[in-house]
Amino acid sequence: MGAGVIAVSAAEQTPSATVPAWKLVWSDEFNGPNGSVVDSSKWATETGGGGFGNNELEYYTSRLENASQQNGNLVIKAVQEKYTGSDGVTRNYTSARLKTQGKFSQAYGRFEARIKIPRGQGIWPAFWMLGNDIDKPGWPACGEIDIMENIGKEPSLVHGTIHGPGYSGGKGIGSPYALPDDQSFADDFHIFAVEWEPKAIRFYVDDHLYATRTPADLPEGTKWVYDHPFFILLNVAVGGYWPGNPDATTVFPQIMLVDYVRVYARTRSKSTNSVQP
């Protein structure tokens, strides 16, 4: 080489090719001792049997019978049993509902979990998020992002949905994702994720992009409410307006296994050089 010419490596010429697109910022791998409670520094247990606005039939408890760590997984178990809570409410099913409210929340990023869902008529597993300002404007003004929901009568389908003011409940803006060849989601683990940026939320199953939501999708006159931190929820509901009630074909107990929950922040903008997760 001639004098004054400095060799530059390919990596130095294109630094974005060597910088990861995502940085892990929060996770739970559920590797606690078998039979142990979940990490209380990461999760709060929501309890009650009031139906949660959906006419659900379960009572969510804080018992190990309904949520524990086992063999590197979170186990959420829906049980058919008569149970009366401290509030005097009696239900014929119990389950668990965990949330990171007050422990962790984040605006934007990749939120993913590897989950093996339960099965059966009336069973309603979910991995989802709510705006952390829910105590102020309330729901749905806080916003809701349903990363994965399944209703048992649709074993091959999951749904990704957003809810906000003017497009909540049955008017939520959602899309289904179907496994090929009528496979059942309950037969194996799958990775459910969203990539969330200002003005865009992308929904994935096993890294297949199946829906993208932007402000252009909203009904006229409604507001995009996804510009502030959200917290994470995991639960298995029993019954409700959407899935309907269990019937004679429903087998209990039903178990949802969660291998991990991981949250990433983007370290660089999407581009032609971006490494996709």
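1. Isoleucine 145 has isoleucine 162, in strand E11, as its bridge partner, and strands E10 and E11 (residues 157-163) pair in the antiparallel sense over 4 bridges; strands are DSSP runs of at least two residues, numbered from the N terminus, and two of them pair if DSSP finds at least two bridges between them. This is a predicted model, in which local features need pLDDT of at least 70 and side-chain atom pairs count only at pLDDT 80 or more, while totals for chains, interfaces and linings use all residues. Residues are numbered from 1 along each chain as its sequence is written, and side-chain values use heavy atoms, with hydrogens and water left out.

2. Strand E9 (residues 123-131) also pairs with E10 in the antiparallel sense, over 5 bridges, and here methionine 129 has isoleucine 145 as its bridge partner. Strand E10 (residues 144-149) is mostly covered, with 6 of its 6 residues buried (under 20% relative accessible area with a 1.4 Å probe, protein chains only; exposed is over 50%, partly exposed in between).

3. The whole structure holds 15 aromatic pairs (ring centres of Phe, Tyr or the six-membered ring of Trp within 6.5 Å; planes under 30 degrees apart are stacked, over 60 edge-to-face, the rest tilted). The rings of tyrosine 108 and tryptophan 196 have centres 5.4 Å apart and planes at 70°, so this pair is edge-to-face. Tyrosine 108, in the loop between strands E7 and E8, and tryptophan 196, in strand E13, are 88 residues apart.

4. Arginine 262 lies over the face of tyrosine 260, 3.6 Å from the ring centre (the cut-offs being Lys NZ or Arg CZ within 6 Å of the centre and within 35 degrees of the ring normal).
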